There are 2 protein chains.
Amino acid sequence: MEQETQNPLDNIRIVLVGTLYTGNVGSACRAMANMGIRRLRLAAPNLQNSWEEGNRLAVHATELIENREEFATFEEAVADCVAVVGTTARGGLYRQHVRAPRDCAADILALAATGPVAVVFGREDKGLLNEEVAQCTHLIRIPVDEGYTSINLAQAVLITCYELFTATGRYQPPHEKAPPAPQGQKMQLMKMWREMLEDIGYMDEQKADHMMQGIHRVFSRGVVTKDDAALLLGVARQAVWAHRHPALDGGRRTSEEFRT
Amino acid sequence: MEQETQNPLDNIRIVLVGTLYTGNVGSACRAMANMGIRRLRLAAPNLQNSWEEGNRLAVHATELIENREEFATFEEAVADCVAVVGTTARGGLYRQHVRAPRDCAADILALAATGPVAVVFGREDKGLLNEEVAQCTHLIRIPVDEGYTSINLAQAVLITCYELFTATGRYQPPHEKAPPAPQGQKMQLMKMWREMLEDIGYMDEQKADHMMQGIHRVFSRGVVTKDDAALLLGVARQAVWAHRHPALDGGRRTSEEFRT
């Protein structure tokens, strides 16, 4: 068992208590693997069907099912953990201590940097019992709409793991690679377009200022990078060129759509 | 169809393209309902099994399945939408425009305040086709661990809807209701505990300052509210009382555990 680790997610133990259906275990394992969490514990499992469905829904995460640890009781499943995070959908006794997963993900990761942390999910039908909730050091409730609060077990596992994974900052979202267009290039773009729109006869000089405000409005929203600006500079140059080079049939290069 | 609405989630259309399995549709509907999003569209559905499984997994969200809209093509399914948000797991052509759902949830809600917004999910096996991605106005990719990037369709729907629901700020997490303990009450607590611990013979005066530092360390972490402080003040008072009122058998009230 990891105690000190570079990656706090390695110290997260997803503990499913009294789970009824292997399908939920399998879906939970796939969700865990998606979020870089791979250690599953079953406490007092009460499985009503075979692992066939569980393995099918785990898809390529069946390894998590194979490597699961099983415990006879809740207490044994969390005994080695430095923190026990319970998930609850209900109000009542401990309500005032409950936080949203996003609000305590950083705290949980900080604890997981020091030792194993159990994140505990109750039964499909009854959740965690009061005596189990009383043993938790942290309680979280997943935000749901008042109109339909009953969340599937594997979906609850997913959101909780997603918040932990996101809070690690390990995921680098893809980002714009082209550098931003400098103001000078943007002004050059507006100048070229003005010349082009006059050249091809789209507007005359009297109306140019007004129409260029519209062009500027559109471009200021859409032209973000140097590549964007270069693209539209190219369009303006080509339109001016085309105006000087009539189509081979002597007519305008006009599609049906442009004519309407 | 809502165009202007108080709740931008009413204008979100979850569009599943070429979906193969009703179970994923049912699980997606339950996830949508959990997050207050209730309008499902199927574009060119390619369902391989009956609605029995879909309805079973939707649980109490079968209404979303019944009220679904079906379209022959992707284009028709998004034609009335002011924005088309595609979800993609792949890199490639449009990679630089992809954002994480959390990073663009507010933008999507702002658009949904003006008209219908399609949030589009591709086929279980192939995702969205390149020509479909090219029609999207926004692209998102759900953060997943590099070790297992294949996310279930309904799980992808859940995370996307969860980010939109969370971004509305409609969910108020439960919070501590008791007012915080003021410093004066905390000092009173330390004074009472010092007297009590001396009274019951847990420490003598020479060592009191040092030991009280330990008590202070624990209490400063754990005593947050007036209720917390009142609880521990009561413990101190009762211990002093008990010291003056010996147990009926004349001995100490000592459990097995305390003796070890």
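Me: How many bridges join S1(B) to strand S6 of chain B?
Reply: Happy to start there! This is a predicted model, in which local features need pLDDT of at least 70, side-chain atom pairs count only at pLDDT 80 or more, and totals for chains, interfaces and linings use all residues. Residues are numbered from 1 along each chain as its sequence is written, while chains are lettered from A and ligands numbered from 1 in the order in which they are written. Strand S6 covers residues 117-121 and runs parallel to S1(B), and the bridges joining them number five.

Me: Which residue in S6(B) does B:Ile14 stand opposite?
Reply: Strands here are DSSP runs of E with at least two residues, and helices are runs of H or I with at least four, numbered from the N terminus. Two strands pair if DSSP finds at least two bridges between them. In S6(B), B:Ala118 is opposite B:Arg13. For B:Ile14, the residue opposite is B:Val119.

Me: And in S2(B), what is the bridge partner of B:Ile14?
Reply: Strand S1 (residues 12-17) of chain B runs parallel to S2(B), and four bridges join them. B:Val15 has B:Arg41 as its bridge partner in S2(B). For B:Ile14, the partner is B:Leu40.

Me: How many of the residues of S1(B) are buried?
Reply: A residue is buried if 20 or more other C-beta atoms lie within 10 Å of its own, exposed if 12 or fewer, and partly exposed in between, with C-beta atoms placed from the backbone. In a regular strand the side chains alternate between the two faces of the sheet. On S1(B), one side holds B:Ile12, B:Ile14 and B:Leu16, the other holds B:Arg13, B:Val15 and B:Val17, and all are buried. Of the six residues of S1(B), the number buried is six.

Me: Which residues of S2(B) point the other way from B:Leu40 and B:Leu42?
Reply: Strand S2 of chain B spans residues 40-43, and B:Leu40 and B:Leu42 point one way from it. All four named residues of this strand are buried, and those pointing the other way are B:Arg41 and B:Ala43.

Me: Which strands stand at the edges of the sheet in chain B?
Reply: The open sheet has seven strands with parallel pairing, in the order S3-S2-S1-S6-S4-S7-S5 (chain B). Each edge strand has a single partner strand, so one side of each is left without a neighbour in the sheet; these are strand S3 (69-71) and strand S5 (98-99) of chain B.

Me: What is the phi of B:Ala44, about how many degrees?
Reply: B:Ala44 sits in the loop between S2 and helix H2 (51-58) of chain B. With 17 other C-beta atoms within 10 Å, B:Ala44 is partly exposed. Most residues other than glycine have a negative phi, and most peptide bonds are trans. B:Ala44 is not a glycine, yet its phi is positive, at about 45 degrees.

Me: Which element gives the most to the side of chain A that touches chain B?
Reply: Two residues are in contact if their C-beta atoms, placed from the backbone, lie within 7 Å. Chain A brings 36 residues to the contact and chain B brings 37 residues. Helix H1 (22-34), strand S5 (98-99) and helix H7 (153-168) of chain A each give two or more residues to the side that touches chain B. The most, six residues, comes from H7(A).

Me: How far apart do the C-alpha centres of domain 1 and domain 2 of chain A lie?
Reply: The bounds come from an automatic or database domain assignment. In chain A it gives domain 1 (8-168) and domain 2 (183-259). Their C-alpha centres lie apart by 57 Å.
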